[in-house]
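I opened this model to look up a few residues and one surface feature. My notes are below.

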Amino acid sequence: MAKKPSSMGRQKIKIAKIEVKNHLQVTFSKRRSGLFKKASELCTLCGVEIAIIVFSPARKVFSFDHPNVESLIDRFLSRNNTNNNPIANNSLQLVEAHRNANVYGLNLQLTQILGEVEIEKKRGESLDQMRKTS
């Protein structure tokens, strides 16, 4: 059996501004995808609504939203206006309860599908391993 080439593995990095532009862009891309993945997991596990807006070093905008950025920002900005109106507040609670029920169902489906994808990935890896040993 051939020995795998050794790699450095995961290294702890110093948290400071990255000066090399190429390294900065790579780090940004990886960390952005990690941040969005964690946000997605938080939505799935807890049924929360999240809006994240990120500007890259190249000044491009990226966002993660669940259910969408516009509705969350509108709700955030108008939050104080509906606190004093009981009719609007009750209507908003009813709409949010309905939305949360739909989100919860969709998150359960997503979790199930992601689990199936993981199983299929492992099955593919084991088939590749069996093919290599044959």
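The entries that follow go through single residues, then the surface. I am working from a predicted model.

**Entry 1, Thr 44.** I began with helix H1, which covers residues 21-46 and includes Thr 44. Is Thr 44 buried or exposed? Its relative accessible area is 17%, and the cut-off for buried is under 20%, so I put Thr 44 down as buried. I then looked for what Thr 44 touches, leaving out residues up to four places away in sequence. I noted Asn 107, Leu 110 and Thr 111.

**Entry 2, the loop between S1 and S2.** Strand S1 runs over 50-55 and strand S2 over 61-66, and Ser 56 sits in the loop between the two. I looked up its accessibility: Ser 56 has a relative value of 7% and counts as buried. Which residues is Ser 56 in contact with, once neighbours within four places in sequence are set aside? I found Phe 28 and Phe 62.

Arg 59 belongs to the loop between S1 and S2 as well. I checked its backbone and noted a positive phi of about 70°, although Arg 59 is not a glycine. For the accessibility of Arg 59 I have 76%.

Next I looked at the peptide bond that joins His 66 to Pro 67. I recorded the bond as cis, with omega near 5°. Pro 67 is placed in the loop that connects S2 with helix H2, residues 69-82.

Which residues make the nonpolar patch of about 640 Å²? I listed Ile 53, Phe 55, Val 61, Ile 73, Phe 76 and Leu 77. S1 and H2 are the elements that each give two or more residues to this patch. H2 supplies the largest share, 3 residues.

I took Leu 77 as one patch member to check separately. Leu 77 is part of helix H2. Its relative accessible area is 60%; with the cut-off for exposed at over 50%, I have Leu 77 as exposed.

In H1, Thr 44 is on record as buried. In H2, Leu 77 is on record as exposed.

Note on methods: Residues are numbered from 1 along each chain as its sequence is written. This is a predicted model: local features need pLDDT of at least 70, side-chain atom pairs count only at pLDDT 80 or more; totals for chains, interfaces and linings use all residues. Side-chain values use heavy atoms; hydrogens and water are left out. Helices (H or I, at least four residues) and strands (E, at least two) are DSSP runs, numbered from the N terminus. Buried means under 20% relative accessible area, exposed over 50%, partly exposed in between (1.4 Å probe, protein chains only). Contact means heavy atoms within 4.5 Å. Patches are made of residues with over 30% relative accessible area and no salt bridge: like charges are joined within 9 Å, nonpolar side chains (Val, Leu, Ile, Met, Phe, Trp, Tyr) within 5 Å. Accessible areas come from the Shrake-Rupley method with a 1.4 Å probe; for residues, only the protein chains shown count as cover. A salt bridge is a side-chain nitrogen of Lys or Arg within 4 Å of a carboxyl oxygen of Asp or Glu.
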